[in-house]
Each structure stands twice: as structure tokens, then as C-alpha cells.
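This report goes through selected features of the structure shown below, one topic at a time.

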Amino acid sequence: MAENGEEAPGAVGVFGRRLLLAVDAKGYGGADAVTQGEFQEAITRLLHEAADAARLDRSRWMTQEGGDSLFVVLPEGASEPALVDAFMRILDFGLRTFNRNREPHARLRLRAAVHFGPVSPGANGFIGPAPVQLGRILDCAALRAALARAPGACLAVGVSEPVFRDVVKEEAYTSVRADEFRHVRVKEKEYEGSAWIWVPGADVRRLELRSEPDAEETVGGDAPPDGRAGDDGEYRAGRETARGDVYKMNVRSGGGGAQGPGATVNVNNHNGGHR
């Protein structure tokens, strides 16, 4: 666990409520050593660049690193709107720039998760309910499927229910509209909860997020607003219903999906305060 800055200004002490970020690269384990090295360099650099541009003081982050993954505790007072909006948009743009002219197998694609809650430093990482919840959102089948089923996307973002409710829902603090997110219910290991998924450059509401047919279990998605089933008799995930989707199984990469517009990014970072 790395502490940045002198006298660890990002330290949370015995107990604290902090803004949390986690990222993980898709397909890292199957890449060769050269590509893994390029991915690690790019992840570190792009996160630095996005943090600087979004005015999130990178020197005060507490980080837990894992090669293709990163877990971050941001300092007290860090802006949630800046992390959800400007940081993610700039990160997505950086990923698209990095991936330009690269072969598909060598493209860097990330899952990211954002949460706000209690966390404390432990002997071998961060402890508390919030880090566990963040990890379950990051690893949930729905977020993995969203990235896999949108081949033109470079980033899939999952935010917790409190972050969506306080930062995104009212559409007063970010330039990301609430209807660009899709609500899912997540059941991973011992964790059951809700998350909201956003895929820059793709309409996440049109993506098929169910387990693949040859997986151990197939879990149905939401019914469309009119309640009609698809041609195969299964309900297709469409606009969000109050119930939300349920996802249990890990989804293998691959499969088709909706591909969104190009890499043009207009960043509008509203300076909403931290709750």
C-alpha cells in the first residue's frame, strides 16, 4: 500500500469516510510480457493525467496497486463530481488515444468503480465495508459484460447507489446525464447491493448484460417498458425498471454489442462540492 506525499496527507487514520476509486484492466492476464508492461505504464500515466486535469491532487492519494489494477483512497474533501465526470471523461479519451492504431488484442480497456464510505488502513490493504463493496462492484458480472459487449468502448464505469443518488441523479453537478447510466442489482459472493453503470461512447441500456448461454447459469435481464419479450422468448434489457437487473455469474469476454460514437470528448467539470 503506497502513501503519496510527505507525512502521508492522504492517510485516513483509524476511521474515515472517503471517496474511493478502483480500476482493473480487461485481458491483462492473457497479454504477453511486453504488452503487460505497456499496460502498466499507460494505466499509471493516464490516471495521473486524468487526476491532474480534473484537479484531483494525485500526490495525496493512498494507493494499493496490483499490476493491472489499482485501489485508491482519495483525501478528505476530494470532489465526487470531478471524479465521476471530468476524471472519467479524460481517462476515456486517454485510453482511446493510447489504443489508436493498436491491434485489438493489445488495446487497453478498463473497468472502473467509484464509491464513498468508511475505510481504514490495515496490515495488508484497506479494511471496512466500503472497500469490499467497491471491489464487488468492480468485479461484478454486469460491469464485465458491459465492457465485453461494447467492443468500441475503452472504459466501463460502475458507481455505487449513494454516489449516483448524490452526484448524478439530480443532473446538477455533472455533465453526465442520469439516463446515460443503467441500474443493476449486484450479487457477488457475500455482497448484495445496487450499482449504476455508464459506458462512455455506448448506450449501456441497449447492451445485453446477461450471462452467455454456455455459462453455468443464465440470468434474465429487465423487461422493456412495454413488457414484450424478444424473439427468443427472453426479455431484453431496455430502459431501466424499478426492479433492476440481477447478475450472479462472471461473464466471459467476447460477444457483440452496441458501438457508440467516436472519441470526441467535451469536458464540463462542474465544481460540485463533496458531501
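## Leucine 207

Leucine 207 sits in the loop that runs between β9 and β10 (245–247). In this predicted model, leucine 207 has a relative accessibility of 1% and counts as buried, because the cut-off for buried is under 20%. In sequence, leucine 207 is 58 residues away from arginine 149, yet the two C-alpha atoms are 6.5 Å apart in space.

## Overall makeup

The protein chain contains five helices and ten strands. It has 275 residues, of which 49% count as buried. Taking contacts between residues at least 6 apart in sequence, 74% join residues that are at least 24 apart.

## Helix α2

Helix α2 covers residues 80–99, which is 20 residues. From its first C-alpha to its last, α2 reaches 27 Å, close to the 28 Å expected at 1.5 Å a residue. The helix has a kink of about 30°, centred on phenylalanine 87. Of the 20 residues of α2, 18 are buried, so the helix is largely enclosed by the rest of the structure.

At the start of α2, serine 79 places a side-chain oxygen within 3.1 Å of the backbone nitrogen of alanine 82. Following α2 comes asparagine 101, with a positive phi near 70°.

## Nonpolar cores

The largest nonpolar core has 47 residues, and the members that touch the most others are Leu21, Leu56, Phe87, Met88 and Leu91. At least two residues of this core come from each of β2 (16–25), α1 (33–53), β4 (69–73), α2, β5 (110–122), β7 (155–160), α5 (161–168) and β9 (191–198). The most is given by α2, with ten residues. Phe87, listed among the members with the most core contacts, is also the residue on which the kink in α2 is centred.

Another core lies apart from this one; it has 31 residues, including Ala130, Ala153, Ile197 and Leu209. As for leucine 91, its contacts beyond four places in sequence are Leu46, Leu47, Ala50, Leu110 and Leu155.

## Aspartate 24

Aspartate 24 belongs to strand β2. Is aspartate 24 buried or exposed? Its relative accessible area is 14%, which falls under the 20% limit, so aspartate 24 is classed as buried. Leaving out residues up to four places away in sequence, aspartate 24 touches Asp68, Ser69, Arg109, Leu110, Arg111 and Leu138.

## Cysteines

How many disulfides does a search of the whole structure find? The search finds zero. Cysteine 140 is buried, at a relative accessible area of 2%. Cysteine 154 has 7% relative accessibility and likewise counts as buried.

## Residues with positive phi

Two loop residues are described here. Arginine 55 is not a glycine, but its phi is positive, at about 60°. The residue is located in the loop between α1 and β3 (62–65). With a relative accessible area of 72%, arginine 55 is exposed, because exposed means over 50%.

Asparagine 101 is not a glycine either, and has a positive phi of about 70°. The loop between α2 and β5 holds asparagine 101. At 79% relative accessibility, asparagine 101 counts as exposed.

Technical notes: Residues numbered from 1 in each chain as written. Predicted model: local features only at pLDDT ≥ 70, side-chain atom pairs only at ≥ 80, totals over all residues. Heavy atoms only, no water. Helix = DSSP H or I, 4+ residues; strand = E, 2+ residues; numbered from the N terminus. Expected span 1.5 Å × (residues − 1). Bend = angle between axes of the 7 residues up to and from the residue. Buried < 20%, exposed > 50% of the residue type's maximum accessible area, 1.4 Å probe, protein only. Polar contact = N/O pair within 3.5 Å; in protein donor to acceptor, adjacent residues only side chain to side chain. Disulfide = S-S within 2.5 Å. Core = buried A, V, L, I, M, F, W, Y, C linked by side-chain atoms within 4.5 Å. Contact = heavy atoms within 4.5 Å.
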